[in-house]
Amino acid sequence: MQLAQHETIIFGGSFNPPTLAHRDITEVLLQTYPDADVWLMPSGERHDKAGFLPSDQRLEMLEIVRQTLSEPERVAVCDLELKDTGVTETYRTVGRLATAEPTRSFRYVFGGDAYLGMPAWRHGEELQAELPMIVVPRDGGTIGVGTNCDILKINLDEGISSSEVRRRLNEGLPIDQLVCRGIQNYIAQRHPLLY
């Protein structure tokens, strides 16, 4: 798939902490969209999630993940939502990016569950109808999407999640199958903050 020049893919999420699934999705984005940059954007305060690691730690871990990718020069870690003083909402992020980066066009990555739940968000129906998106379905399955959406073809291990990493750490279990080596080392030094 070819994208317009200056196209940037926004892959947002809590990244609390970033997992191998996040890394794999980013790698497939790089391979599938060779003319696009990818910005990893950790979310700020959210209505649907709480208990995030400190922002600086999530940024540091995303930088570790970025360095493991095949083309790290095409990937940036973006702190736009972390600087937001209010609750993170997609429609606000979309507007802020459009204002801050008028020469870029953006495409946003969403999981299949988020895409299906989007009509319940503030301005969600408008976003679902008009926002250029890449949807990552669960279990590599299919999902009906609008004409503004691509489906990312990737098979992910559904057992890999940030919440599973935190659960395993709390129980003293290994996390080597869930995160890259650099994240393991980072957590080994600072993991009390994950509780």
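**Close-up 1. H123 in the loop between α4 and α5.** In this predicted model, H123 is placed in the loop that runs between α4 (112-117) and α5 (124-130). Although H123 is not a glycine, its phi is positive, at about 65°. With a relative accessibility of 40%, H123 counts as partly exposed.

Close-up 2. The phi of F15 is near 45°, which is a positive value in a residue other than glycine. The peptide bond that leads from N16 to P17 is cis, and its omega is near 5°. F15 has a relative accessible area of 1% and is therefore buried, the limit for that class being under 20%.

Close-up 3. The aromatic pair of F106 and Y108 is tilted, with 6.4 Å from centre to centre and 45° between the planes, and both F106 and Y108 are buried. Together with W39, the residues F106 and Y108 form one aromatic cluster.

**Close-up 4. The largest nonpolar core and the surroundings of I25.** The largest nonpolar core of the model has 34 residues, and those with the most contacts inside it are I9, F11, I25, L29, V38 and L152. Two or more residues are given to this core by each of the elements β1 (7-13), α1 (20-32), β2 (37-42), α2 (55-67), β5 (133-136), α6 (162-170) and α7 (181-190). Of these, α1 supplies the largest share, which amounts to five residues. When residues up to four places away in sequence are not counted, I25 touches F11, V136, L152, I154 and L156. Another core, of 18 residues, lies apart from the largest one, and among its members are L80, V94, M118 and L131. In soluble globular proteins, nonpolar side chains tend to be buried together.

**Close-up 5. The packing of α2 against α7.** The axes of α2 and α7 come within 9 Å and cross at roughly 150°. Because angles over 145 degrees count as roughly antiparallel, this description applies to α2 and α7. On the side of α2 the contact is made by D56, Q57, E60, M61, I64 and V65, and on the side of α7 by G182, I183, Y186, I187 and R190.

**Close-up 6. E164 in helix α6.** E164 lies in helix α6 and, at 17% relative accessibility, counts as buried. The side chain of E164 makes a polar contact, at 2.6 Å, with the side chain of R167. Leaving aside residues up to four places away in sequence, E164 touches G159 and L178.

**Close-up 7. A188 in helix α7.** A188 lies in helix α7, where it is exposed, with a relative accessible area of 59%. The C-alpha atoms of A188 and L169 are separated by 9.8 Å, while the two residues are 19 residues apart along the chain.

Terms used:
Residues are numbered from 1 along each chain as its sequence is written. This is a predicted model: local features need pLDDT of at least 70, side-chain atom pairs count only at pLDDT 80 or more; totals for chains, interfaces and linings use all residues. Side-chain values use heavy atoms; hydrogens and water are left out. A nonpolar core is a set of buried Ala, Val, Leu, Ile, Met, Phe, Trp, Tyr and Cys residues joined through side-chain atoms within 4.5 Å. Buried means under 20% relative accessible area, exposed over 50%, partly exposed in between (1.4 Å probe, protein chains only). Helices (H or I, at least four residues) and strands (E, at least two) are DSSP runs, numbered from the N terminus. Contact means heavy atoms within 4.5 Å. A polar contact is a pair of N or O atoms within 3.5 Å; within protein, one must be able to donate a hydrogen and the other to accept it, and residues adjacent in sequence count only if both atoms are side-chain atoms. Rings of Phe, Tyr and Trp (its six-membered ring) pair if their centres lie within 6.5 Å; planes under 30 degrees apart count as stacked, over 60 as edge-to-face and the rest as tilted. Axes are lines fitted to C-alpha atoms, for helices over the stretch in contact, and angles run from 0 to 180 degrees between N-to-C directions. Angles under 35 degrees count as roughly parallel, over 145 as roughly antiparallel, 65 to 115 as roughly perpendicular and the rest as oblique.
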